[in-house]
Amino acid sequence: MTGPSAVAIDFSLFKNFPFNDRAKIQVRAEAFNLINHPNFTSMSTTYDGSNPGQLNAAQAARQIQFAMKFLF
């Protein structure tokens, strides 16, 4: 049995700001599963139950994170 396909679009934006001659600060925004598409993971492969091929779980929903890095 094959299940539904997985769709995951990850996206990131970042900007570097010079701090001095050798260092900079980087500000980042990252989004995982940007379109928030449900990606089902666990599919029952038993044929003897009342629900063969039932989808039991999904991967994580959209996640967004912000970060700041000091690069030297």
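Modeller: Happy to. Glutamine 26 counts as buried because its relative accessibility is 7%; buried means under 20% relative accessible area, exposed over 50%, and partly exposed in between, with a 1.4 Å probe and protein chains only. Keep in mind that this is a predicted model, where local features need pLDDT of at least 70 and side-chain atom pairs count only at pLDDT 80 or more, while totals for chains, interfaces and linings use all residues. Residues are numbered from 1 along each chain as its sequence is written, and side-chain values use heavy atoms, with hydrogens and water left out.

Colleague: Which side chains make a polar contact with the side chain of glutamine 26?

Modeller: A polar contact is a pair of N or O atoms within 3.5 Å; within protein, one must be able to donate a hydrogen and the other to accept it, and residues adjacent in sequence count only if both atoms are side-chain atoms. Here the side chain of glutamine 26 has such a contact with that of asparagine 16 at 3.0 Å, and another with that of arginine 28 at 2.9 Å.

Colleague: And what is glutamine 26 in contact with, leaving aside its neighbours within four places in sequence?

Modeller: Contact means heavy atoms within 4.5 Å. With those neighbours set aside, glutamine 26 touches Phe14, Lys15, Asn16, Ala67, Met68, Lys69 and Leu71.

Colleague: In which strand is glutamine 26 found?

Modeller: Helices (H or I, at least four residues) and strands (E, at least two) are DSSP runs, numbered from the N terminus. Glutamine 26 belongs to strand E2. The protein chain has three strands and zero helices, in the order β-β-β from the N terminus on.

Colleague: How do E1 and E2 pair?

Modeller: Two strands pair if DSSP finds at least two bridges between them. Strand E1 (residues 11–18) and strand E2 (residues 24–32) are antiparallel, with eight bridges. Proline 18 has lysine 24 in E2 as its bridge partner, and five residues lie between the two strands of this hairpin.

Colleague: Is isoleucine 35 buried, partly exposed or exposed?

Modeller: Isoleucine 35 is partly exposed because its relative accessibility is 47%. This residue sits in the loop between E2 and strand E3 (63–71).

Colleague: What share of the protein chain's residues is buried?

Modeller: Buried residues account for 12% of the 72 residues. As for contacts between residues at least 6 apart in sequence, 54% join residues at least 24 apart.
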